[in-house]
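Student: Could you walk me through how to read a fold like this one, feature by feature?

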Amino acid sequence: MAKKKAATQQNTPASNADDSGKEQKLKPANSVVVRHILCEKHGKIIEAMGKLDKKELPFDKVAELYSEDKAKKGGSLGSMARGSMVGPFQDVAFSLPPSTCNKPIYNKEPVKTKFGYHIIMVESRK
């Protein structure tokens, strides 16, 4: 039981605080416009995350360099409805506040699914 809780905590965003440092509460949403970076190997996703953490490149450019799926063009998956994504991916996507490629807010630990490891950012919520 404790192991499952630890795994859930790893996939939370670094902070849901806005620029003023205040915690922002997310409004319920039924869909999100989402971007991701998908890598089969854990080492490669950690390397991509390092680029984002150091703010070397915007999210879409890191996705173009590292992502291994059809969303390689900037990582865009478009609008995704609740229920259309695999469990762990969806849980993280709906926990993230909207952000931009130049100032992305993304999960600080890779999300593991049957497709590989993901870094996720949300552009908008509806």
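Tutor: The axes of α2 and α3 come within 10 Å and cross at roughly 155°. Before we go on, note that this is a predicted model, where local features need pLDDT of at least 70 and side-chain atom pairs pLDDT 80 or more, while totals for chains, interfaces and linings use all residues. Residues are numbered from 1 along each chain as its sequence is written, and side-chain values use heavy atoms, with hydrogens and water left out.

Student: Are α2 and α3 roughly parallel or roughly antiparallel?

Tutor: In general, two packed helices are described by the angle between their axes and the distance between the axes. Under 35 degrees counts as roughly parallel, over 145 as roughly antiparallel, 65 to 115 as roughly perpendicular, and the rest as oblique. So α2 and α3 are roughly antiparallel to each other.

Student: Which residues make the contact between α2 and α3?

Tutor: From α2 you have Lys-44, Glu-47, Ala-48, Lys-51 and Leu-52, and from α3 Phe-59, Val-62 and Tyr-66. Contact here means heavy atoms within 4.5 Å.

Student: How do I read the nonpolar core, and which residues touch the most other members?

Tutor: In soluble globular proteins, nonpolar side chains tend to be buried together. A nonpolar core is a set of buried Ala, Val, Leu, Ile, Met, Phe, Trp, Tyr and Cys residues joined through side-chain atoms within 4.5 Å. Buried means under 20% relative accessible area, exposed over 50%, and partly exposed in between (1.4 Å probe, protein chains only). In the largest core, of 15 residues, Ile-37, Leu-52, Phe-59, Tyr-106 and Ile-119 touch the most other members. At least two residues of this core come from each of β1, α2, α3 (59-66) and β4. Apart from it there is another core of 13 residues, including Val-32 and Leu-96.

Student: What is Ile-37 in contact with?

Tutor: Leaving aside neighbours within four places in sequence, the partners of Ile-37 include Leu-52, Phe-59, Val-62, Tyr-117 and Ile-119.

Student: How many salt bridges are there?

Tutor: Side chains of opposite charge can pair when their charged atoms come close. The rule is a side-chain nitrogen of Lys or Arg within 4 Å of a carboxyl oxygen of Asp or Glu, and by it the count comes to 4. One of them joins Glu-123 to Arg-35, with the closest N and O atoms 3.0 Å apart. That pair links distant parts of the chain, 88 residues apart: Glu-123 in strand β4 (residues 116-125) and Arg-35 in strand β1 (residues 31-39). Arg-35 counts as buried at 14% relative accessibility, whereas Glu-123 is partly exposed at 29%.

Student: Which residue does Asp-53 meet in a salt bridge?

Tutor: Asp-53 meets Lys-108, at 3.8 Å from N to O. Asp-53 is in helix α2 (residues 42-53), and Lys-108 sits 55 residues apart from it, in the loop between α4 (87-93) and β3 (111-113). Asp-53 is partly exposed at 42%, and Lys-108 is partly exposed at 31%.

Student: And where does Pro-58 lie?

Tutor: Pro-58 lies in the loop between α2 and α3. The C-alpha atoms of Pro-58 and Lys-103 are 7.4 Å apart, although 45 residues separate the two along the chain.

Technical notes:
Helix = DSSP H or I, 4+ residues; strand = E, 2+ residues; numbered from the N terminus. Axes fitted to C-alpha atoms, helices over the stretch in contact; angles between N-to-C directions.
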